[in-house]
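Take a look at the model first, then read on.

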Amino acid sequence: KMLSKGKDVSNYIATAKELVEVMAALPKYRCISVNAIELNNAGSYIAQDVGYALAWGAEYMTMLTEGGLTADEAGKAIKFNMGVGGNYFMEIAKFRAARMLWAMIVKAYAPACDCAAKMRVHAETSTFNKTIYDAHVNLLRTQTEAMSATIAGVDSLTVNAFDVTYTESDDFSERIARNQQLLLKGESHFNN
């Protein structure tokens with residue numbers, strides 16, 4: 001909400017605290033989301049993308065710990081949704097740097113377990129750099145983006161359909177998007 005709509009979320013902290021406590025039974029599920037995909041789709045530079053995402057993550061950490069959660073509970077509740085652009089090597093570096101910096105931020109809150117400082121990242125291919133004039137070029141762009149996110153070690157990935165910028169995706173474009181992930185797994189051996 002903060003990044004996409006500019007809304008003040010300080011009044012949601014009591015609800016977020018309750019949500020984190022309820023979700024304690026599902027330790028691998030992260031229920032507080034830093035949604036930085038809009039930054040990438042707005043054309044932000046990689047440093048801006050990481051900087052703003054980490055700043056909002058730190059803001060969530062502060063609000064949650066001041067709201068009564070421990071640093072461990074707060075750190076384990078936050079997940080990052082980030083866009084991945086076409087700058088291949090810089091995108092790999094972005095996710096790796098973000099992980100290191102997030103660990104430093106969480107450790108400043110003195111959690112009892114280092115596992116609270118582990119960053120969970122969901123990546124989504126951007127729509128910012130997609131063309132409508134030769135849409136099949138977007139297949140190459142999304143594949144490159146998916147490859148850099150996978151090499152960087154994201155926890156989950158969404159490959160958008162190649163025609164998402166100008167039309168509603170059909171069965172063909174959605175199947176191609178799914179197959180791009182399977183190509184990385186099977187033919188590039190990223191599952192190994």
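Aspartate 155 has 40% relative accessibility, so it counts as partly exposed (buried means under 20% relative accessible area, exposed over 50%, partly exposed in between, with a 1.4 Å probe and protein chains only). This is a predicted model, where local features need pLDDT of at least 70, side-chain atom pairs count only at pLDDT 80 or more, and totals for chains, interfaces and linings use all residues. Residues are numbered from 1 along each chain as its sequence is written, and side-chain values use heavy atoms, leaving out hydrogens and water.

**Salt bridges around aspartate 155**
- Aspartate 155 pairs with arginine 120 in a salt bridge at 3.9 Å, N to O (a side-chain nitrogen of Lys or Arg within 4 Å of a carboxyl oxygen of Asp or Glu).
- Aspartate 155 sits in the loop between α7 and β4 and arginine 120 in the loop between α6 and β3 (121-125), so the pair ties together parts 35 residues apart in sequence.
- Arginine 120 is partly exposed, at 27% relative accessible area.
- Aspartate 155 also forms a salt bridge with arginine 99, with the closest N and O atoms 3.8 Å apart.

**Another salt bridge**
- Glutamate 145 forms a salt bridge with lysine 130, and their closest N and O atoms are 2.9 Å apart.
- Glutamate 145 is buried, at 0% relative accessible area.
- Lysine 130 counts as buried too, with 12% relative accessibility.

**Totals**
- The structure holds five salt bridges.

Key
Helices (H or I, at least four residues) and strands (E, at least two) are DSSP runs, numbered from the N terminus.
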